[in-house]
Amino acid sequence: EYLGRIAEADTRVLTLAAVKGVLAGVVHEPLSFVNAPVIARERGIAVSETRSTVSRDYVNLVALRAETEAGEVTVAGTLVGKRNAERLVQVFDLDIDMAPARHMLFFLYEDRPGVVGRVGTILGESDVNIAAMEVGRRSQGGLAVMGLTLDGPVPATALDRIVDEIRAERAHSIVLPA
């Protein structure tokens, strides 16, 4: 979904890059901008673009929405400032503001006291340093999203422990290519 001025541009390459990026962690064959749409179709993945020059909060906003077995996943980003710094501004349809990094964690959970501290403690006990943390929610006690950028990968045992202890509805550990 392209919102704002970007909707006036030719965004086909951005859409191809998104499809290629989504498939990169799933398929074993070499991916290119040419074969990514073909591989997506072969796997039953439908890709569509929506555009609107109207954007409520940003000059430009790019949002990716995917239906998965666990439900819909939404991630939206924009560029900010004179240096066009990249920002993730929406995850799981909740507002957040964080710079992407190589190692990231995202949790969807019910907002309540102690969750941030518990996550920090478990990561610290696992020798994982938190570079930045951002929490977004619509209302106190409702659903919240926590996004973390980290100095390194998270051991699976630590991720499982966090999910159990904070009773996360969803959790995603992301490692972007170097």
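## An exposed strand residue

Glu 67 is exposed, with a relative accessible area of 64%. Exposed means over 50% relative accessible area, buried means under 20%, and partly exposed is in between, using a 1.4 Å probe and protein chains only. Glu 67 sits in strand E3. Its C-alpha atom is 9.6 Å from that of Ile 45, which is 22 residues away along the chain. Strands are DSSP runs of E of at least two residues, helices are runs of H or I of at least four, and both are numbered from the N terminus.

This is a predicted model: local features need pLDDT of at least 70, side-chain atom pairs count only at pLDDT 80 or more, and totals for chains, interfaces and linings use all residues. Residues are numbered from 1 along each chain as its sequence is written, and side-chain values use heavy atoms, with hydrogens and water left out.

## Overall fold

The protein has four helices and ten strands. From the N terminus, the order of elements is β-α-α-β-β-β-β-β-β-α-β-β-α-β. The radius of gyration is 17 Å, close to the 16 Å from the globule rule for 178 residues, so the protein is as compact as a globular protein of that length. That radius is taken over C-alpha atoms, and the globule rule is 2.2 Å times the number of residues to the power 0.38.

The C-alpha trace spans about 45 × 40 × 30 Å along its principal axes. Of the 178 residues, 33% count as buried. Contacts here mean heavy atoms within 4.5 Å. Among contacts between residues at least 6 apart in sequence, 57% join residues at least 24 apart.

In soluble globular proteins, nonpolar side chains tend to be buried together. A nonpolar core is a set of buried Ala, Val, Leu, Ile, Met, Phe, Trp, Tyr and Cys residues joined through side-chain atoms within 4.5 Å. The largest one here has 18 residues. Leu 105, Phe 107, Val 119, Leu 123, Leu 148, Val 154 and Ile 166 touch the most other members. Strand E7 (103–110), helix H3 (115–125), strand E9 (143–150) and helix H4 (156–166) each supply at least two residues of this core. A second, separate core has ten residues, including Leu 88, Phe 92, Leu 94 and Met 104.

Which residues does Leu 148 contact beyond its neighbours within four places in sequence? They are Met 98, His 103, Met 104, Leu 105, Phe 107, Val 119, Leu 123, Ile 130, Ala 132 and Met 133.

His 103 lies in strand E7. It counts as buried, at 11% relative accessibility. Leaving out residues up to four places away in sequence, His 103 touches Leu 148, Thr 149, Leu 150, Asp 151, Gly 152, Pro 153, Ile 174 and Val 175.

Ala 144 belongs to strand E9. Its relative accessible area is 0%, so Ala 144 is buried. Among the residues it touches are Leu 94, Phe 107, Tyr 109 and Val 135. Ala 7 is in the loop between strand E1 (2–4) and helix H1 (12–24). Ala 7 is also buried, with a relative accessible area of 11%. Beyond four places in sequence, Ala 7 touches Tyr 2, Arg 51, Ser 52 and Thr 53.

## Second largest pocket

The second largest pocket has a volume of about 180 Å³. A pocket is an open set of points on a 1 Å grid over the protein atoms alone, where a 1.4 Å probe fits, with protein on both sides within 12 Å along at least five of seven lines; lining residues have an atom within 4 Å of a point. Points are joined across faces, edges and corners, and the volume is the space filled by probe spheres set on them.

Of the 13 lining residues, Leu 3, Arg 56, Asp 57, Leu 61 and Gln 90 are the closest to the centre. Strands E3 (60–68) and E5 (85–91) are the elements that give two or more residues. E3 gives the most, with three. The lining has six nonpolar, two polar and five charged residues. Here Ala, Val, Leu, Ile, Met, Phe, Trp, Tyr, Cys and Pro count as nonpolar, Asp, Glu, Lys and Arg as charged, and the others, Gly among them, as polar.

## Positive phi in loops

Most residues other than glycine have a negative phi. Asn 84 has a positive phi, near 50°. It is in the loop between strand E4 (71–80) and E5. Asn 84 is partly exposed, at 46% relative accessible area. Its C-alpha atom is 27 Å from that of Ala 144.

Asp 127 has a positive phi of about 60°. Its loop joins H3 and strand E8 (130–137). Asp 127 is exposed, with a relative accessible area of 73%.
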